[in-house]
Amino acid sequence: MLRFGVVGYGYWGPNIVRNLRSLESCQVVGICDPSPTAWKRIQAAHPGVPVYSDSKELIGAPDVDAIAVITPVWTHYELTKAALENGKHVFVEKPFTSNVAQAEELINLAEKKNLQIMVDHTFLFTGAVRKIRKLLNEGTLGKLYYYDSTRVNLGLFQHDCNVIWDLAPHDLSIMNHLLHKEAEAISATGQSHLNGHEDIAFITAFFPDSMIAHINVNWLSPVKVRTTLIGGEKKMLVWNDLEADEKLKIYDKGVDVKTQEGVYNLLVSYRSGDMWAPQVEQVEALKLELNYFVECIQKDAKPFNGGCAGLKVVRMLEAANESLAKRGALVYL
Ligand SMILES: NC(=O)c1ccc[n+]([C@@H]2O[C@H](COP(=O)([O-])OP(=O)(O)OC[C@H]3O[C@@H](n4cnc5c(N)ncnc54)[C@H](O)[C@@H]3O)[C@@H](O)[C@H]2O)c1
(Lines give C-alpha, C1' and ligand atoms only; values in the text may rest on other atoms or scores of the structure.)
Protein backbone atom coordinates (compact mmCIF):
# COMPACT_ATOMS: atom_id res chain seq x y z
CA MET A 1 0.00 0.00 0.00
CA LEU A 2 1.54 3.29 -1.14
CA ARG A 3 0.85 6.27 1.11
CA PHE A 4 0.31 9.60 -0.69
CA GLY A 5 0.39 13.19 0.52
CA VAL A 6 -1.31 15.66 -1.85
CA VAL A 7 -0.09 19.27 -1.92
CA GLY A 8 -2.52 21.73 -3.55
CA TYR A 9 -6.30 21.44 -3.54
CA GLY A 10 -7.49 24.11 -5.97
CA TYR A 11 -9.12 23.28 -9.30
CA TRP A 12 -7.13 20.15 -10.29
CA GLY A 13 -6.16 18.78 -6.84
CA PRO A 14 -9.63 17.29 -6.08
CA ASN A 15 -9.36 15.12 -9.24
CA ILE A 16 -6.04 13.74 -8.06
CA VAL A 17 -7.34 12.99 -4.55
CA ARG A 18 -10.52 11.36 -5.88
CA ASN A 19 -8.59 9.11 -8.26
CA LEU A 20 -5.91 8.18 -5.74
CA ARG A 21 -8.60 7.24 -3.26
CA SER A 22 -10.30 5.06 -5.87
CA LEU A 23 -7.19 2.88 -6.23
CA GLU A 24 -6.82 -0.15 -4.00
CA SER A 25 -3.03 0.07 -4.11
CA CYS A 26 -2.77 3.43 -2.39
CA GLN A 27 -4.03 5.60 0.38
CA VAL A 28 -4.20 9.39 0.82
CA VAL A 29 -2.72 10.10 4.25
CA GLY A 30 -2.80 13.90 4.12
CA ILE A 31 -3.79 16.89 1.99
CA CYS A 32 -2.10 20.28 2.24
CA ASP A 33 -3.34 23.69 1.12
CA PRO A 34 -2.90 27.02 2.92
CA SER A 35 -6.26 28.35 1.69
CA PRO A 36 -9.13 28.24 4.26
CA THR A 37 -11.66 27.66 1.43
CA ALA A 38 -9.68 24.65 0.29
CA TRP A 39 -9.70 23.35 3.89
CA LYS A 40 -13.49 23.48 3.98
CA ARG A 41 -13.77 21.67 0.63
CA ILE A 42 -11.31 18.98 1.76
CA GLN A 43 -13.12 18.37 5.03
CA ALA A 44 -16.49 18.16 3.27
CA ALA A 45 -15.30 15.78 0.53
CA HIS A 46 -12.82 13.67 2.50
CA PRO A 47 -13.74 13.65 6.20
CA GLY A 48 -11.12 11.84 8.25
CA VAL A 49 -8.20 12.67 5.93
CA PRO A 50 -5.76 14.90 7.86
CA VAL A 51 -5.45 18.45 6.48
CA TYR A 52 -2.22 20.49 6.61
CA SER A 53 -1.55 24.16 5.94
CA ASP A 54 2.24 23.84 5.89
CA SER A 55 3.64 21.66 3.10
CA LYS A 56 6.87 21.03 5.08
CA GLU A 57 4.93 19.12 7.70
CA LEU A 58 3.26 16.79 5.18
CA ILE A 59 6.36 16.37 3.00
CA GLY A 60 8.47 15.50 6.06
CA ALA A 61 5.96 13.06 7.58
CA PRO A 62 7.51 9.60 8.01
CA ASP A 63 4.30 7.75 7.02
CA VAL A 64 4.28 9.32 3.50
CA ASP A 65 5.85 7.42 0.55
CA ALA A 66 4.93 9.77 -2.31
CA ILE A 67 3.90 13.39 -2.78
CA ALA A 68 1.57 14.73 -5.45
CA VAL A 69 2.38 18.36 -6.29
CA ILE A 70 -0.82 19.97 -7.67
CA THR A 71 0.05 23.63 -7.23
CA PRO A 72 0.86 26.52 -9.62
CA VAL A 73 3.92 26.01 -11.83
CA TRP A 74 6.22 28.45 -10.01
CA THR A 75 6.00 26.26 -6.88
CA HIS A 76 6.71 22.90 -8.59
CA TYR A 77 10.51 23.06 -8.34
CA GLU A 78 10.68 23.93 -4.65
CA LEU A 79 8.01 21.44 -3.55
CA THR A 80 9.37 18.60 -5.71
CA LYS A 81 12.89 19.24 -4.48
CA ALA A 82 11.75 19.20 -0.83
CA ALA A 83 9.85 15.95 -1.43
CA LEU A 84 12.83 14.23 -3.08
CA GLU A 85 15.17 15.43 -0.33
CA ASN A 86 12.79 13.83 2.17
CA GLY A 87 12.96 10.53 0.30
CA LYS A 88 9.51 10.71 -1.35
CA HIS A 89 8.56 9.77 -4.91
CA VAL A 90 6.86 12.66 -6.73
CA PHE A 91 3.86 12.99 -9.02
CA VAL A 92 4.03 16.58 -10.27
CA GLU A 93 1.71 18.63 -12.43
CA LYS A 94 2.49 19.86 -15.91
CA PRO A 95 4.49 21.86 -16.80
CA PHE A 96 7.19 20.08 -14.77
CA THR A 97 9.14 23.24 -13.82
CA SER A 98 9.52 26.92 -14.77
CA ASN A 99 12.79 26.35 -16.61
CA VAL A 100 15.19 23.73 -17.98
CA ALA A 101 17.83 24.13 -15.24
CA GLN A 102 15.29 23.31 -12.51
CA ALA A 103 14.05 20.23 -14.38
CA GLU A 104 17.59 18.94 -14.89
CA GLU A 105 18.43 19.44 -11.22
CA LEU A 106 15.33 17.52 -10.09
CA ILE A 107 16.01 14.64 -12.50
CA ASN A 108 19.58 14.32 -11.13
CA LEU A 109 18.35 14.49 -7.55
CA ALA A 110 15.75 11.76 -8.14
CA GLU A 111 18.41 9.61 -9.83
CA LYS A 112 20.79 10.04 -6.89
CA LYS A 113 18.09 9.16 -4.37
CA ASN A 114 16.68 6.32 -6.51
CA LEU A 115 13.21 7.89 -6.49
CA GLN A 116 10.62 8.18 -9.26
CA ILE A 117 9.24 11.38 -10.73
CA MET A 118 6.11 11.32 -12.88
CA VAL A 119 4.89 14.44 -14.69
CA ASP A 120 1.13 14.63 -15.10
CA HIS A 121 0.73 14.59 -18.86
CA THR A 122 -2.81 13.28 -18.46
CA PHE A 123 -3.69 13.20 -22.16
CA LEU A 124 -1.15 10.44 -22.84
CA PHE A 125 -3.45 8.08 -20.94
CA THR A 126 -6.67 8.92 -22.79
CA GLY A 127 -8.26 6.38 -25.08
CA ALA A 128 -7.82 8.78 -28.03
CA VAL A 129 -4.06 9.29 -27.65
CA ARG A 130 -3.47 5.60 -26.97
CA LYS A 131 -5.37 4.76 -30.15
CA ILE A 132 -3.59 7.38 -32.27
CA ARG A 133 -0.22 6.11 -31.04
CA LYS A 134 -1.16 2.57 -32.02
CA LEU A 135 -2.30 3.70 -35.49
CA LEU A 136 0.89 5.71 -36.06
CA ASN A 137 3.09 2.88 -34.81
CA GLU A 138 1.35 0.51 -37.23
CA GLY A 139 2.10 2.95 -40.06
CA THR A 140 -1.60 3.54 -40.89
CA LEU A 141 -0.97 7.17 -41.91
CA GLY A 142 2.31 6.48 -43.68
CA LYS A 143 5.08 9.10 -43.66
CA LEU A 144 3.85 12.07 -41.64
CA TYR A 145 3.59 15.53 -43.21
CA TYR A 146 2.17 17.62 -40.38
CA TYR A 147 0.64 17.80 -36.89
CA ASP A 148 -1.77 20.69 -36.38
CA SER A 149 -3.53 21.32 -33.09
CA THR A 150 -6.05 23.94 -31.97
CA ARG A 151 -6.71 24.31 -28.24
CA VAL A 152 -8.77 27.45 -27.69
CA ASN A 153 -11.52 28.62 -25.35
CA LEU A 154 -12.54 31.62 -23.25
CA GLY A 155 -10.28 31.70 -20.12
CA LEU A 156 -9.25 30.37 -17.65
CA PHE A 157 -6.71 33.22 -17.47
CA GLN A 158 -3.68 32.31 -15.33
CA HIS A 159 -1.89 35.04 -13.39
CA ASP A 160 1.50 33.35 -13.18
CA CYS A 161 2.07 32.23 -16.78
CA ASN A 162 1.07 32.89 -20.38
CA VAL A 163 -1.25 30.77 -22.52
CA ILE A 164 1.69 28.79 -23.94
CA TRP A 165 2.78 27.55 -20.50
CA ASP A 166 -0.82 26.86 -19.53
CA LEU A 167 -2.21 25.03 -22.57
CA ALA A 168 0.65 24.02 -24.87
CA PRO A 169 2.19 21.44 -22.44
CA HIS A 170 -0.74 19.22 -23.40
CA ASP A 171 -0.01 19.45 -27.15
CA LEU A 172 3.76 19.27 -26.79
CA SER A 173 3.62 16.20 -24.55
CA ILE A 174 1.14 14.47 -26.88
CA MET A 175 3.21 15.34 -29.93
CA ASN A 176 6.44 14.11 -28.35
CA HIS A 177 4.74 10.88 -27.30
CA LEU A 178 3.22 10.22 -30.73
CA LEU A 179 5.87 11.25 -33.18
CA HIS A 180 9.06 9.50 -31.99
CA LYS A 181 10.92 12.47 -33.49
CA GLU A 182 12.72 15.38 -31.90
CA ALA A 183 11.79 18.90 -32.98
CA GLU A 184 14.84 20.76 -34.29
CA ALA A 185 13.64 24.34 -33.92
CA ILE A 186 10.69 26.37 -32.68
CA SER A 187 9.13 29.65 -33.68
CA ALA A 188 6.34 31.32 -31.69
CA THR A 189 4.32 34.48 -32.00
CA GLY A 190 1.66 35.80 -29.68
CA GLN A 191 0.09 38.82 -28.11
CA SER A 192 -1.07 39.91 -24.67
CA HIS A 193 -4.19 42.01 -24.35
CA LEU A 194 -5.30 41.90 -20.74
CA ASN A 195 -3.01 40.92 -17.90
CA GLY A 196 0.51 41.26 -19.31
CA HIS A 197 0.79 37.57 -20.25
CA GLU A 198 0.25 36.41 -23.85
CA ASP A 199 -3.35 35.23 -24.12
CA ILE A 200 -3.09 34.05 -27.74
CA ALA A 201 -0.12 32.30 -29.35
CA PHE A 202 0.90 30.29 -32.39
CA ILE A 203 3.78 27.84 -32.12
CA THR A 204 5.49 26.19 -35.06
CA ALA A 205 7.88 23.28 -34.52
CA PHE A 206 10.18 22.05 -37.28
CA PHE A 207 11.12 18.38 -37.45
CA PRO A 208 13.51 16.37 -39.65
CA ASP A 209 12.16 14.97 -42.95
CA SER A 210 9.95 18.01 -43.73
CA MET A 211 7.57 17.21 -40.89
CA ILE A 212 6.05 20.37 -39.39
CA ALA A 213 3.81 20.99 -36.38
CA HIS A 214 1.62 23.91 -35.50
CA ILE A 215 -0.12 24.61 -32.20
CA ASN A 216 -2.72 27.34 -31.71
CA VAL A 217 -3.49 28.19 -28.07
CA ASN A 218 -5.87 30.96 -27.07
CA TRP A 219 -7.73 32.11 -23.94
CA LEU A 220 -9.78 34.64 -25.93
CA SER A 221 -11.81 32.38 -28.16
CA PRO A 222 -15.60 32.64 -28.11
CA VAL A 223 -15.89 28.89 -28.64
CA LYS A 224 -14.05 25.91 -27.26
CA VAL A 225 -12.10 23.93 -29.86
CA ARG A 226 -9.96 20.87 -29.22
CA THR A 227 -9.06 19.58 -32.65
CA THR A 228 -5.89 17.98 -33.94
CA LEU A 229 -5.17 17.11 -37.56
CA ILE A 230 -2.40 14.67 -38.42
CA GLY A 231 -1.63 14.47 -42.10
CA GLY A 232 0.23 11.55 -43.61
CA GLU A 233 1.18 10.28 -47.02
CA LYS A 234 -1.35 7.41 -46.87
CA LYS A 235 -4.15 8.68 -44.61
CA MET A 236 -5.19 11.74 -42.61
CA LEU A 237 -6.54 11.77 -39.09
CA VAL A 238 -8.85 14.20 -37.31
CA TRP A 239 -9.15 14.08 -33.52
CA ASN A 240 -11.99 16.14 -32.13
CA ASP A 241 -11.74 15.71 -28.38
CA LEU A 242 -15.09 17.41 -27.80
CA GLU A 243 -16.95 14.66 -29.69
CA ALA A 244 -18.56 12.20 -27.32
CA ASP A 245 -18.56 9.15 -29.57
CA GLU A 246 -16.54 9.52 -32.75
CA LYS A 247 -13.51 11.37 -31.42
CA LEU A 248 -11.20 10.00 -34.10
CA LYS A 249 -11.81 9.93 -37.83
CA ILE A 250 -9.41 8.56 -40.38
CA TYR A 251 -9.73 9.79 -43.94
CA ASP A 252 -8.39 7.91 -46.88
CA LYS A 253 -7.64 11.21 -48.57
CA GLY A 254 -4.44 12.44 -50.08
CA VAL A 255 -2.51 13.44 -53.11
CA ASP A 256 -0.87 10.92 -55.41
CA VAL A 257 2.03 12.06 -57.55
CA LYS A 258 3.14 9.49 -60.07
CA THR A 259 6.36 11.04 -61.36
CA GLN A 260 8.63 13.94 -60.53
CA GLU A 261 7.49 15.54 -63.79
CA GLY A 262 3.98 15.25 -62.48
CA VAL A 263 4.88 17.57 -59.60
CA TYR A 264 6.12 20.30 -61.95
CA ASN A 265 3.12 20.01 -64.24
CA LEU A 266 0.70 19.62 -61.34
CA LEU A 267 -0.29 16.24 -62.75
CA VAL A 268 -1.38 14.95 -59.38
CA SER A 269 -4.47 13.02 -58.53
CA TYR A 270 -6.46 13.70 -55.41
CA ARG A 271 -7.53 10.59 -53.60
CA SER A 272 -10.84 10.71 -51.78
CA GLY A 273 -11.73 7.35 -50.30
CA ASP A 274 -13.51 6.12 -47.23
CA MET A 275 -13.64 7.64 -43.78
CA TRP A 276 -13.87 5.51 -40.67
CA ALA A 277 -14.09 6.22 -36.96
CA PRO A 278 -12.03 3.73 -34.96
CA GLN A 279 -13.22 2.60 -31.56
CA VAL A 280 -11.71 4.62 -28.70
CA GLU A 281 -11.48 3.08 -25.24
CA GLN A 282 -13.48 4.94 -22.59
CA VAL A 283 -11.15 5.20 -19.61
CA GLU A 284 -10.53 7.71 -16.84
CA ALA A 285 -7.08 8.80 -17.93
CA LEU A 286 -6.01 10.12 -14.53
CA LYS A 287 -6.89 6.86 -12.80
CA LEU A 288 -4.90 4.88 -15.35
CA GLU A 289 -1.97 7.27 -14.99
CA LEU A 290 -1.90 7.19 -11.18
CA ASN A 291 -2.19 3.41 -11.18
CA TYR A 292 0.77 3.28 -13.58
CA PHE A 293 2.75 5.56 -11.23
CA VAL A 294 2.12 3.19 -8.32
CA GLU A 295 3.23 0.23 -10.47
CA CYS A 296 6.40 2.06 -11.55
CA ILE A 297 7.30 2.70 -7.91
CA GLN A 298 6.57 -0.90 -6.93
CA LYS A 299 8.66 -2.26 -9.83
CA ASP A 300 11.36 0.40 -9.53
CA ALA A 301 10.78 1.28 -13.21
CA LYS A 302 11.05 4.69 -14.87
CA PRO A 303 7.70 5.94 -16.23
CA PHE A 304 7.60 7.04 -19.90
CA ASN A 305 6.13 10.33 -18.68
CA GLY A 306 8.88 10.80 -16.12
CA GLY A 307 11.25 13.71 -15.51
CA CYS A 308 12.90 13.42 -18.94
CA ALA A 309 9.56 13.70 -20.78
CA GLY A 310 8.71 16.69 -18.56
CA LEU A 311 12.09 18.28 -19.30
CA LYS A 312 11.58 17.89 -23.06
CA VAL A 313 8.31 19.82 -22.81
CA VAL A 314 9.86 22.54 -20.61
CA ARG A 315 12.74 22.91 -23.10
CA MET A 316 10.21 23.49 -25.92
CA LEU A 317 8.20 25.93 -23.78
CA GLU A 318 11.36 27.86 -22.94
CA ALA A 319 12.29 28.00 -26.64
CA ALA A 320 8.76 29.18 -27.49
CA ASN A 321 9.00 31.99 -24.92
CA GLU A 322 12.40 33.02 -26.27
CA SER A 323 11.03 33.12 -29.80
CA LEU A 324 7.94 35.00 -28.62
CA ALA A 325 10.16 37.75 -27.23
CA LYS A 326 11.86 38.01 -30.65
CA ARG A 327 8.59 38.12 -32.60
CA GLY A 328 8.85 34.62 -33.96
CA ALA A 329 12.59 34.28 -34.59
CA LEU A 330 13.65 30.65 -34.95
CA VAL A 331 15.09 29.13 -31.76
CA TYR A 332 17.10 25.92 -32.21
CA LEU A 333 16.66 23.17 -29.64
N1 LIG B 1 -3.19 17.73 -16.12
C2 LIG B 1 -4.18 18.55 -16.40
O3 LIG B 1 -5.00 18.32 -17.28
C4 LIG B 1 -4.30 19.81 -15.59
C5 LIG B 1 -5.53 20.50 -15.54
C6 LIG B 1 -5.58 21.66 -14.76
C7 LIG B 1 -4.48 22.11 -14.06
N8 LIG B 1 -3.31 21.40 -14.14
C9 LIG B 1 -2.10 21.84 -13.43
O10 LIG B 1 -2.32 21.70 -12.04
C11 LIG B 1 -1.61 22.70 -11.32
C12 LIG B 1 -2.57 23.45 -10.41
O13 LIG B 1 -3.54 24.06 -11.21
P14 LIG B 1 -4.96 24.50 -10.61
O15 LIG B 1 -5.76 24.92 -11.80
O16 LIG B 1 -5.48 23.45 -9.70
O17 LIG B 1 -4.53 25.79 -9.78
P18 LIG B 1 -5.36 26.50 -8.60
O19 LIG B 1 -4.78 27.86 -8.47
O20 LIG B 1 -6.82 26.31 -8.80
O21 LIG B 1 -4.98 25.63 -7.31
C22 LIG B 1 -3.71 25.60 -6.76
C23 LIG B 1 -3.84 25.33 -5.26
O24 LIG B 1 -2.52 25.19 -4.73
C25 LIG B 1 -2.48 25.84 -3.47
N26 LIG B 1 -1.08 26.17 -3.19
C27 LIG B 1 -0.31 27.12 -3.75
N28 LIG B 1 0.94 27.08 -3.23
C29 LIG B 1 0.94 26.07 -2.33
C30 LIG B 1 1.94 25.53 -1.47
N31 LIG B 1 3.18 26.02 -1.46
N32 LIG B 1 1.60 24.50 -0.67
C33 LIG B 1 0.34 24.00 -0.69
N34 LIG B 1 -0.64 24.47 -1.48
C35 LIG B 1 -0.35 25.49 -2.30
C36 LIG B 1 -3.37 27.06 -3.63
O37 LIG B 1 -3.84 27.54 -2.38
C38 LIG B 1 -4.51 26.51 -4.50
O39 LIG B 1 -5.57 26.01 -3.72
C40 LIG B 1 -0.94 23.59 -12.39
O41 LIG B 1 0.37 23.18 -12.58
C42 LIG B 1 -1.75 23.30 -13.65
O43 LIG B 1 -1.00 23.48 -14.83
C44 LIG B 1 -3.22 20.27 -14.88
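Let's start at P14, which lies in helix α1, residues 13–22. Helices here are DSSP runs of H or I with at least four residues, strands are runs of E with at least two, and both are numbered from the N terminus. This is a predicted model, where local features need pLDDT of at least 70, side-chain atom pairs count only at pLDDT 80 or more, and totals for chains, interfaces and linings use all residues. Residues are numbered from 1 along each chain as its sequence is written, and side-chain values use heavy atoms, with hydrogens and water left out.

Is P14 buried or exposed? It counts as buried, because its relative accessibility is 18%. Buried means under 20% relative accessible area, exposed means over 50%, and partly exposed is in between, with a 1.4 Å probe and protein chains only. P14 touches Y9 and R41, leaving aside residues up to four places away in sequence. A contact means heavy atoms within 4.5 Å. P14 and A45 are 31 residues apart in sequence, yet their C-alpha atoms are 8.8 Å apart in space.

Now the whole chain. It has 10 helices and 15 strands. Its radius of gyration is 21 Å, close to the 20 Å that the globule rule gives for 333 residues, so the chain is as compact as a globular protein of that length. That radius is taken over C-alpha atoms, and the rule is 2.2 Å times the number of residues to the power 0.38. The C-alpha atoms fill a box of roughly 75 × 40 × 40 Å along the principal axes. Buried residues make up 51% of the 333. Take contacts between residues at least 6 apart in sequence: 68% of them join residues at least 24 apart.

Next, helix α4, residues 76–85. Which of its residues are buried? They are H76, Y77, L79, T80, A83 and L84. In general, an α-helix has 3.6 residues a turn, so residues three or four places apart point the same way. The cover over the buried residues of α4 includes β1, α3, β4, β5, α5 and β6. After α4 comes G87, with a positive phi near 80°.

On to the sheet. It is open, with 9 strands in the order β14-β13-β12-β11-β7-β10-β9-β8-β15, and the pairing is mixed. Two strands pair if DSSP finds at least two bridges between them. The edge strands are β14 (268–276) and β15 (331–332), and each pairs on one side only. Inside the sheet, β7 and β11 pair in the antiparallel sense over 9 bridges. V152 stands opposite V225 in β11.

I200 counts as buried, because its relative accessibility is 19%. Beyond residues up to four places away in sequence, I200 touches several others, among them V163, T189 and V217. N108 is 92 residues from I200 along the chain, and their C-alpha atoms are separated by 34 Å.

Last, some backbone details. Where are the cis peptide bonds? One joins K94 and P95, with omega about -20°. P95 is in the loop between β5 and α5. Another joins G155 and L156, also with omega about -20°. L156 lies in the loop between β7 and α7.

Two residues other than glycine have positive phi. N114 has phi near 55°, and sits in the loop between α5 and β6. D300 also has phi near 55°, and sits in the loop between α9 and α10. N114 counts as partly exposed at 49% relative accessibility. D300 counts as partly exposed at 48%.
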